[in-house]
Amino acid sequence: MITTRSETLFEQAGKHLVGGVGSGTRSPRSGWLPAPVFVRSGEGAWLTDEDDNRYLDYVMGQGPLILGHRPAAVIDEVTRTLQQRGSLVSLAHDLEGEAAAAIADRMPAVDLVRFSSTGTEAAMYALRFARAFTGRDLVLRFEGHYHGWSDAIHWSAHPSTDTWGAADAPTVLPGSTGIPGAVGETLLVERWNDVEALERAFRDHGDRMAAVITEPILGNCGGIMPAPGYLERMRELATDAGALLIFDEVLTGFRIGPGGAQGMFGIDPDLTVMAKAIGAGFPVAALGGSRDVMEQAADGRTMHGGTYNSSPLVCAAVIAACRETGGEGFYEHLNARGARLAEGLVDAAGAAGIEACWSGVGALFQLWFSPQPPSDYREANAIVAGSPFFALYRELRDRGVLIQPPQEGLWLMSGAHTDADIDRTLEAAADAMPAVAEALAEGSVGPMGGLR
Ligand SMILES: Cc1ncc(COP(=O)(O)O)c(C=O)c1O
């Protein structure tokens, strides 16, 4: 029975919009039950839906909204640019170089930048540039990592337990129907955070490897941190094999610190994929890297195109977002508030008798109903199978706090979240946890509480 305006709108949308939503991650299949929240407007850390419910938002547009909803400084600059220049010229203009410099200034490993509209595209041409530069085809990727939905790389992102194969030889699995099986022959899949697996992969295949691509913090599986020394070893092995190291910083770049995860860990990748927070909510992505690798696109040897690339609209957004997040102490505050929230959630769970912990950094984290956070996708799956994740989403949503329902979701912070917002969220969590504990006791566990 339809009872809310969101449910009515969802039903109406489904008449002509596939599945009633614009992307699979917004659908009831991804946990948005009983119906996706139909948003009327956002402001700062808050969302208002079509039923006049207000939520403290920790989805933050899946990551881009690093300054919250409708950040005045960015909106003003973009509006002025639109009025003075228009949205798109698809010809050269001065803001392109300025936006590229704003990114390169923050990342020592980035000499040159090219823009595109989505992270999927940027990851795609990262692979192309790596293959062109090395003259090799094979790419090593890891289970649980997401690098966009292209045929080239959407393999083994979130495989199911019954198909993922042996732990020391994961099956290379397409993430969708319609992806040619032959593409899988250009990929090698390993478990992440496992030095032995990494060394084995390079020992057996290093001479054929064009690149290894990794999220430096595993954002698409709950903000799992790399084990000490793991990324350093990956850097060494790639260099020794003549393969490129690609950091996919679509989630971490400009979110966890000024220089992303590479700045935090002090590791220089050869190529960096960026999107989301670099545009503070506008559709822009970038590939950055060393001059020798990136220059291949300059003389046309390696094709990179896109009508919408680096429009005045998105360049203005990048420039303004960099300026705003570059302010004194921006990331320190963001991470400190997020860490306080994460620790408070762990305490709230504990007070209700549920053992919990968290992983990630303040700006991007996940709460785990387990004594220790997982170290890779398979461990995360095992934790989720026995956890009341869906109950937490449902109970918080009922109390005006919106988080992503699926296990691979994250709590995403913005500069607009205040200390008072954190306090209010923790009050809601304390109120919600007894019901979450009940769900756990009843066995309402697993992805979507067993609903999926
Ligand atoms: C790490 C990572 N890489 C790539 C992508 C794809 O970016 P987009 O959705 O902009 O295509 C995402 C999206 O969530 C991501 O998290």
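View A. A backbone N or O atom of Y146 lies 3.1 Å from a nitrogen atom of the ligand. The ligand taken alone exposes 390 Å², of which the protein buries 84%; accessible areas come from the Shrake-Rupley method with a 1.4 Å probe, and for residues only the protein chains shown count as cover. The model is predicted, with local features requiring pLDDT of at least 70 and side-chain atom pairs counted only at pLDDT 80 or more, whereas totals for chains, interfaces and linings use all residues. Residues are numbered from 1 along each chain as its sequence is written, and side-chain values use heavy atoms, with hydrogens and water left out.

**View B. The shell around the ligand.** The surrounding residues are T118, G119, T120, Y146, H147, G148, E215, N220, D248, V250, L251 and K276 (a residue is near a molecule if one of its heavy atoms lies within 4 Å of it). By class, this shell holds three nonpolar, six polar and three charged residues. Ala, Val, Leu, Ile, Met, Phe, Trp, Tyr, Cys and Pro count as nonpolar, Asp, Glu, Lys and Arg as charged, and the others, Gly among them, as polar.

View C. Strand 5 runs parallel to strand 9 (residues 209-214), with three bridges, and parallel to strand 8 (residues 187-190), with four bridges. L140 has V212 as its bridge partner in strand 9 and stands opposite L188 in strand 8. Strands are DSSP runs of E with at least two residues, helices are runs of H or I with at least four residues, and both are numbered from the N terminus.

View D. G135 lies in the loop between helix 4 (119-134) and strand 5 (138-142). At 65% relative accessibility, G135 counts as exposed.

View E. The strands follow the order 1-2-3-15, and the pairing is mixed; two strands pair if DSSP finds at least two bridges between them. Strand 1 (39-43) and strand 15 (401-402) stand at the edges with a single partner strand each, so one side of each lacks a neighbour in the sheet. Strand 1 and strand 2 (residues 46-49) run antiparallel, joined by four bridges, and V39 has D49 as its bridge partner in strand 2. Strand 2 and strand 3 (residues 54-57) also run antiparallel, joined by three bridges, with T48 opposite R54. The hairpin of strand 2 and strand 3 has four residues between the strands, and D52 takes a positive phi near 70 degrees there. Strand 3 pairs with strand 15 in the parallel sense over two bridges, and L56 has V401 as its bridge partner.

**View F. Helix 10 and the residue after its end.** The 22 residues of helix 10 (residues 330-351) should span 32 Å at 1.5 Å a residue, which agrees with the 32 Å between its end C-alpha atoms; the expected span is 1.5 Å times one less than the number of residues. Just after helix 10, G353 takes a positive phi of about 85 degrees.

Technical notes: Polar contact = N/O pair within 3.5 Å; in protein donor to acceptor, adjacent residues only side chain to side chain. Buried < 20%, exposed > 50% of the residue type's maximum accessible area, 1.4 Å probe, protein only.
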